[in-house]
Amino acid sequence: MEKVSIIGLDLAKRSFQAHGALADGGVGFRKKLSREKVLAFFAEQPRCIVAMEACGSAHHWGRAIRDLGHEVRLIPPAYVKPFVKRQKNDAADAEAIAEAASRPTMRFVAIKTEEQQARAMLFRTRDLLIRQRTQLINALRGHLSEHGVVAAQGTANVKVLEAAVEDQTTPFPLLVVELARAFLDQIEGLSKKISDLEKVTVHEAAYGETTRRLQTMPGVGPITALAIETFAPPMDVFNRGRDFAAWLGLVPRQHSTGGKQVLGKISKMDQRDIRRLLIIGAMAVVRSALRKGAPEGSWLQRMLSRKPKMLVAIALANNMARSVWAMLAKGEDFRVPAVAVS
């Protein structure tokens with residue numbers, strides 16, 4: 001087996017495929033590995049670059065292989081696909097990964113720590129429970145609307161549904177009442193679990209220097225701060241704030257040619273969780289400005305006077321993303337309010 005410079009590893013549950021590429025691009029080896037033999041195989045290899053697609057288990061394998069002395073590179077799957085030749089199989093995928101990793105302009109994903117993945121699980125669990133609670137509330141609203149009870153959307157209006165179910169004067173069949181109570185019990189249980197997870201989130205965000213610094217920005221609370229610390233790569237990956245905003249998908253999508261710029265809606269690329277939370281935070285700032293009034297002569301005031309509030313919120317989220325990059329890259333707290341950006 002010749003000494004290789006890059007090993008492309010196609011991850012799976014049980015059967016892994018490794019492709020060794022020589023320094024000149026030639027094929028050093030193609031090898032199929034069982035899950036149990038992956039680390040033993042890489043322990044025997046001379047130090048080299050090991051490339052994998054960024055997927056669910058990639059960070060675990062990346063840490064383990066990095067501990068063996070190799071340089072690990074994680075590549076977004078969308079950037080690997082163009083290098084797959086003709087038929088798709090494990091061997092072709094591993095070769096494509098090695099080829100993509102050799103490109104000098106390729107972009108890579110930072111390997112997450114176990115602490116980051118634990119916080120990501122906290123964030124995802126809370127999101128899942130919120131979706132399940134919303135599903136139950138909407139199902140209950142739909143069922144009761146068939147019996148003449150109509151309530152607005154939102155968790156705040158669950159009490160309206162509960163009052164209607166428990167109202168002795170409402171002519172509900174007994175089966176409807178029992179089933180509605182089952183819905184209400186599930187909603188109450190999920191609400192308690194969500195509240196507990198939010199307390200854990202606030203606790204986690206309170207003791208980190210990064211999360212504390214991020215919360216000095218208007219529109220950024222503990223959940224958004226923790227999401228940025230968990231899902232965002234180190235800020236030195238980006239050359240400027242616009243690059244971070246582009247990574248979040250908050251910049252216009254381009255379809256330009258012949259020197260003529262054509263900009264469309266925001267790209268919505270990459271990290272949707274941080275993007276969504278920044279937009280929610282920006283919308284809260286916009287609503288506050290509409291109620292209390294934006295500072296005289298500020299950027300926010302000028303935008304609200306001539307643009308729809310949702311468009312202003314997207315633009316403000318873009319500005320917030322750039323400010324996040326500046327704060328973390330320079331290690332400074334937020335100083336200039338986002339509404340005063342010119």
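**Two helix pairs in a predicted chain**

Let me begin with helix α10 (residues 241-248) and helix α13 (residues 309-330), whose axes come within 8 Å and cross at roughly 125 degrees; here axes are lines fitted to C-alpha atoms, for helices over the stretch in contact, and angles run from 0 to 180 degrees between N-to-C directions. Helices are DSSP runs of H or I with at least four residues, strands are runs of E with at least two, and both are numbered from the N terminus.

This is a predicted model, in which local features need pLDDT of at least 70 and side-chain atom pairs count only at pLDDT 80 or more, while totals for chains, interfaces and linings use all residues. Residues are numbered from 1 along each chain as its sequence is written, and side-chain values use heavy atoms, with hydrogens and water left out.

α10 and α13 are therefore oblique to each other, given that angles under 35 degrees count as roughly parallel, over 145 as roughly antiparallel, 65 to 115 as roughly perpendicular and the rest as oblique. On the α10 side, Gly241, Arg242, Phe244, Ala245 and Leu248 meet Asn318, Ala321, Arg322, Val324 and Trp325 of α13, where contact means heavy atoms within 4.5 Å.

Turning to the other pair, the axes of helix α5 (residues 114-145) and helix α7 (residues 174-206) come within 9 Å and cross at roughly 155 degrees, and α5 and α7 are therefore roughly antiparallel to each other.

As for the whole chain, its secondary structure comes to 13 helices and seven strands, and its C-alpha atoms fill a box of roughly 85 × 60 × 45 Å, taken along the principal axes.
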